[in-house]
2 protein chains.
Amino acid sequence: MKLSKRGEYGIKALIDLASRDPARGAATVKEIAAHQKIPVQFLEQIMRALKNAGILRSKPGAGGGYALAKPPDQITLGQVVRLLDGPLAPIPCVSKTAYQPCVCPDENTCGLRLTMLDVRNAIADILDNTTLADVTHRVQQAQHLTASRKLRQPSRTRSR
Amino acid sequence: MKLSKRGEYGIKALIDLASRDPARGAATVKEIAAHQKIPVQFLEQIMRALKNAGILRSKPGAGGGYALAKPPDQITLGQVVRLLDGPLAPIPCVSKTAYQPCVCPDENTCGLRLTMLDVRNAIADILDNTTLADVTHRVQQAQHLTASRKLRQPSRTRSR
DNA sequence: GACAAAGTCGATCAACTTTGTCGGGAATTA
DNA sequence: TAATTCCCGACAAAGTTGATCGACTTTGTC
């Protein structure tokens, strides 16, 4: 049930891009890597995959870099995770995008399959309905929350 | 987001045991392996782990074998998956049973973490609230369903 | 045009994990 | 004692993960 580093880094980079001031133009891999603490060359590889999938667009040369190819509310985490991490389903026989039949005599009465189908649906429900825009929005709300908490309790250490 | 073969085999074996007529006594690894098409020696290893965790009990020698150590409604898939497959959480910083801090400056405002927490909760909600008894019950219902469907349409090929 | 700053690409690699296998031992029953 | 079954640790082949590398192409600037 684990998300790979590839998936993790990819999502972080995309969130970084989505929450970046659009006026600043494209972001370079080096910038993002430094910002998010990701090995540069590994991230390069990931960005390429994201680009080939049509999620990012890029421009080489001075002033170049990567930017989202679509508005953030049209990029779901489901797409990204499937691309970088493979199918969401815990077992292939419950995958919608990478279905593979299993060995059990009857898929419709297989206990394992029945439960894993629930799991895959729960995961897909979240990831396919969460866009980059949703994420950045949520992050902002969380930031405001902690900010206002600080306002009420200016100094953590003293107020104990 | 994948379930390992270890986890898969373990769950299948447990379901097999749970849906087995208790009057027949313990089941041998060989039987279960043949029944569920699992490599015998690999299953042996898995059953041992399940036993050491207190989920199974065993008896060596002729007439021996494995049986559930507790009633099926007291064994959750969550326990089993965690034991055989590791934490449910996609990333360590949202795990309840194997928490590890992540590198991001503030966990409370990390977009990745916020969404993955949802995912981990969705998974845990299902697996921690699904017992072996639930599974076998559901399997029986599914079997009745397909059985009654057969009654209404006795011959599949002809009724097309 | 030359140069620097990016992205592009394919290959390769070490470490780790997964999925088993093997050989012998210990407990239990007949 | 013999057969059966679980118990245990070691090991190994194959696959996956998480990178790294070197050479190349494209773009903008002087």
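**A walk from the DNA surface to a buried threonine**

Sorted by class, the residues that make up the surface near DNA strand C are 10 nonpolar, 8 polar and 7 charged. Please keep in mind, as we go, that this is a predicted model. Both protein chains take part in that surface: helix 3 (40-52), strand 1 (56-59) and strand 2 (65-68) of chain A each supply at least two residues, and so do helix 1 (5-18) and helix 3 (40-52) of chain B. Among the 25 residues around DNA strand C, those that come nearest are Arg48(A), Lys51(A), Ser58(A), Tyr66(A) and Phe42(B).

Which part of the strand faces the protein? Of the atoms of DNA strand C within 4 Å of the protein, 64% are sugar or phosphate atoms, and the rest are base atoms. Lys51(A) places a polar side-chain atom 2.7 Å from a phosphate oxygen of DNA strand C.

Let us turn next to the aromatic rings. A pair of aromatic rings is described by the distance between the centres and the angle between the planes. Over all chains, the count comes to 2 aromatic pairs. In one of them, the ring centres of Tyr9(A) and Phe42(A) are 5.7 Å apart and the planes stand at 85°, so this pair is edge-to-face. Tyr9(A) belongs to helix 1 of chain A and Phe42(A) to helix 3 of chain A, so the pair ties together parts that are 33 residues apart in sequence. Tyr9(A) is buried, at 12% relative accessible area, whereas Phe42(A) is partly exposed, at 28%.

Chain B has a pair of its own: Tyr9(B) and Phe42(B) are edge-to-face, with 5.8 Å from centre to centre and 85° between the planes. Since Tyr9(B) lies in helix 1 of chain B and Phe42(B) in helix 3 of chain B, this pair also ties together parts 33 residues apart in sequence. Tyr9(B) is buried, with a relative accessible area of 12%, while Phe42(B) is partly exposed, with 29%.

How do the chains relate to each other? Two copies of a chain are related by a rotation about an axis and a shift along it. Here, chain B is superposed on chain A by a rotation of 180° with 0.0 Å of shift along the axis, at an RMSD of 0.0 Å. That is the relation of a two-fold axis. Within chain B, the C-alpha nearest this axis belongs to Met1(B), at 1.9 Å. Because 100% of the interface residues of chain B are also interface residues in chain A, the copies meet through the same surface.

One last stop is Thr130(A), in the loop between helix 5 (111-127) and helix 6 (132-152) of chain A. Is Thr130(A) buried or exposed? With 12% relative accessibility, Thr130(A) counts as buried. Leaving aside residues up to four places away in sequence, Thr130(A) touches Ile75(A), Thr76(A), Leu77(A), Val135(A) and, from the other chain, Thr115(B). A polar side-chain atom of Thr130(A) also lies 2.7 Å from the backbone oxygen of Ile126(A). Finally, Gln74(A) is 56 residues from Thr130(A) in sequence, with 9.6 Å between their C-alpha atoms.

Technical notes
Residues numbered from 1 in each chain as written. Chains lettered and ligands numbered in written order. Predicted model: local features only at pLDDT ≥ 70, side-chain atom pairs only at ≥ 80, totals over all residues. Heavy atoms only, no water. Near = heavy atom within 4 Å. Polar contact = N/O pair within 3.5 Å; in protein donor to acceptor, adjacent residues only side chain to side chain. Helix = DSSP H or I, 4+ residues; strand = E, 2+ residues; numbered from the N terminus. Nonpolar A, V, L, I, M, F, W, Y, C, P; charged D, E, K, R; others polar. Phe/Tyr/Trp six-rings, centres within 6.5 Å; stacked < 30°, edge-to-face > 60°. Buried < 20%, exposed > 50% of the residue type's maximum accessible area, 1.4 Å probe, protein only. Least-squares fit on C-alpha atoms with pLDDT ≥ 70 in both. Contact = heavy atoms within 4.5 Å.
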